[in-house]
Amino acid sequence: MDPFFISDDFANQYADKMPPWGFNGLGYVTYKRTYARPIFEEGTDTVARTEEWHETIQRVVNGAQGIGAQLTEDEAQRLYDYLFNLKGSVAGRMLWQLGTENNQRLGGDSLVNCWFVDVQKPTDFSWAVERLMLGGGVGFSCDKPERLGVVRSAWVSHQDADDSDFIVPDTREGWANLIRKVFECYLGGEDDPQWMSYATHLIRPAGVPIKTFGGTASGPEILISGVEKICEVLDKAVGRTLTSVEVLDCMNIIGSIVVAGNVRRSAEIAVGRLDDEDYLMAKRWDLGDIPIERAMSNNTVFVSAEQMKDMPELIWEGYKGNGEPYGFFNLEASRQFGRMGEERPDPSIVGVNPCAEIPLANRESCNLSEIFLPMIDSPEELKDVARLLYKVQKATAALSYLDPASDKITSKNMRLGLGVTGVTQAMEKIDWLDETYVSLRELDAEWSAERGWPESVRLTTIKPSGTLSLLPGVTPGVHPGFSQYFVKRMRMAAGDVLVNYCRSKGFYVEPLRNFDGSEDHRTVVVEFPCAFPDGTIEAKDMTAIQQMDLVRRLQRVWADNAISVTVYYKSEELDGIREYLAEHWSEMKSVSFLLHSEHGFDQAPMGELTKEEYEHVLSTTSPLGEKLTGATMMSDDEFDAECATGACPIR
């Protein structure tokens, strides 16, 4: 069957229609900043404008057909309508990449969100560089650093000379190869040199536009600085094996290298042992002298059901406001169960993605999509949206991947993560989920058998959905609304035309403030007044226990992967949380926590407003939503929007 493609005539029927953008037009700004691709003046590299929504959806549906989704004409048109009207969405990565030359060149790597690597050898660090530079988040292990071997004395020097041992090409692979060579100097085998000079004069200067991926080049300086910092960590470990915190620091420095340039944000999660005190102390910001790069990752610990009954006191210090609370990941339950109570063994799982909703094998990726539950009108519509999104995801899993190990495990597991969001805005629709899951399992058995593919080891999830949920203005994932009235703070590249657009409408703009109090004038924070509709469950209306009860319910009826949840809690709830987890952790796979209003984060993603404050701020601004002229810079300089904890990338 020849694939059916959406025609310009069909898409143009939607050109003058207004999608149901959320939060007084913030959904439109989010779309333009994050997902609208550049349209160049014919025959030039000059950006004339960026896509409008009807064009993006046409590109996405046709891109899905191009990778083998095999939708009929009626299915393709239904999917177009569902996506345009914000009933559901492919992953943010797919909104950005499907139907592009980059997608054709990079295959599946350009469409998946996150990865996990079980750190055992020098190439695992360079593998992480490539995934982060492609815009994916990376989870990594810190629990067995001794597997890397003893660190030997080495010498690495930056010398911009044509006779340097390695001249770094101006490519993603070039940067990754430099990092690989650095680690091989210190941790390599007998055949690997212990010294190296490298040159960076081929790398584009800072500020030069990157046409294929969007944004601007960061220049060589951040790479040089990052290599120096990595060498400082390794030099201190000569003659012994690395500690978990040294692995953490090396990975976080890598994340900081990729951050620069306002084109990507690094999302990382580190997973370590519960009995590793140094690891548990790694993000005690209150003690001072903590490297700023450690802000790159969420830190999580492996915790079994038995361990949860006798947790060390040190783990709870972060929950009292002393640094950051660590998340918990139940490896045993993730391997044993799909939906809780349904045995579906998956021994390949060794870790989890940065938002902790997809347990993963080594070098495996998470392949996501989303249903906006409040926008769904019936159980039948829910099933239809789910089945169409499934076909796009399954085609993505069948693509080739750049790394042979990633390609092999993806082809074997075909792991998908179809999510729902806006749950606490649509509690009455939870009853529709079990039947939808069953229909997906039936479809997967049939669809896979017809194509000679293995059935997917997992199909469903609930991810944080901080950015995608802004499009229709629904509550993120399983989380309650932060409050009915709130300010949403969004980070943008300072030179983006969206900044002036928002400023001209009266919205407050200020420079980004770093953890150390310094200001980053390359990035600004824009504040938007937002409100959820009456009847939305707010964080103040749900105790921490009630939030975890909801997670357990959805882990039974929907998510056969995991559920990413950041439980809002008050200090006085901590004892109850500990007792609850000791009793019920065997029924959960992952959880993290955040003090609702006493977290101490400057320029936090959201801040509570009273109704009067909301109406006052709203009265000082003009409505957003009319089509924007000019070209945005397509920056995704907001690493704490997609997850409540600040983990996932927005593309």
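Close-up 1. Glu608 counts as partly exposed, because its relative accessibility is 47%, between the limits of 20% for buried and 50% for exposed. This model is predicted. Glu608 sits in strand S23, which spans residues 606–608.

**Close-up 2. The open sheet S6-S8-S7.** Three strands make up this open sheet, with parallel pairing and the order S6-S8-S7. Its edge strands are S6 (155–158) and S7 (166–167), each of which pairs on one side only. Strand S8 covers residues 195–199 and is joined to S7 by two bridges, in the parallel sense. Phe166 has Tyr198 of S8 as its bridge partner.

Close-up 3. Strand S4 covers residues 114–117. Cys114 and Phe116 point one way from S4, while Trp115 and Val117 point the other way. All of these residues are buried. In a regular strand, side chains alternate between the two faces of the sheet. S4 runs parallel to strand S5 (residues 137–141), and four bridges join the two. Cys114 has Gly137 of S5 as its bridge partner.

Close-up 4. Strand S21 covers residues 566–569. Thr566 and Tyr568 point one way from S21; Val567 and Tyr569 point the other way. Each of these side chains belongs to a buried residue. Strand S22 (residues 590–595) pairs with S21 in the parallel sense, over four bridges. Opposite Val567 stands Phe593 of S22.

**Close-up 5. The salt bridge of Glu52 and Lys32.** The structure holds 44 salt bridges. In one of them, the side chains of Glu52 and Lys32 meet at 3.1 Å, N to O. This pair links distant parts of the chain, 20 residues apart. Glu52 is in the loop between strand S2 (47–50) and helix H3 (53–66). Lys32 belongs to helix H2 (residues 26–34). Both Glu52 and Lys32 are buried. Side chains of opposite charge can pair when their charged atoms come close.

**Close-up 6. The salt bridge of Asp143 and Lys144.** The side chains of Asp143 and Lys144 meet in a salt bridge of 2.9 Å, N to O. Asp143 counts as buried because its relative accessible area is 10%, under the limit of 20%. Lys144 is partly exposed, with a relative accessible area of 39%.

Close-up 7. Glu510 forms a salt bridge with Arg513, and their closest N and O atoms are 3.4 Å apart. Glu510 counts as buried at 12% relative accessibility. Arg513 is partly exposed, with a relative accessible area of 27%.

Close-up 8. Glu579 is placed in helix H19, residues 574–584. Glu579 counts as exposed because its relative accessible area is 58%, over the limit of 50%. Glu579 and Lys309 are 270 residues apart along the chain, and 8.3 Å separates their C-alpha atoms.

**Close-up 9. Ile537 and Asn330.** Ile537 is in the loop between strand S20 (519–531) and helix H18 (544–557). With a relative accessible area of 21%, Ile537 is partly exposed. The C-alpha atoms of Ile537 and Asn330 are separated by 28 Å, and the two residues are 207 residues apart along the chain.

Close-up 10. Leu86 is a residue other than glycine, yet its phi is positive, near 60°. The loop that holds Leu86 runs between helix H4 (73–84) and strand S3 (88–90). Leu86 counts as buried at 1% relative accessibility. Ser465 is not a glycine either, and has a positive phi of about 60°. Ser465 lies in the loop between strand S17 (460–461) and strand S18 (485–493). Its relative accessible area is 0%, so Ser465 is buried.

Technical notes: Residues are numbered from 1 along each chain as its sequence is written. This is a predicted model: local features need pLDDT of at least 70, side-chain atom pairs count only at pLDDT 80 or more; totals for chains, interfaces and linings use all residues. Side-chain values use heavy atoms; hydrogens and water are left out. Buried means under 20% relative accessible area, exposed over 50%, partly exposed in between (1.4 Å probe, protein chains only). Two strands pair if DSSP finds at least two bridges between them. A salt bridge is a side-chain nitrogen of Lys or Arg within 4 Å of a carboxyl oxygen of Asp or Glu.
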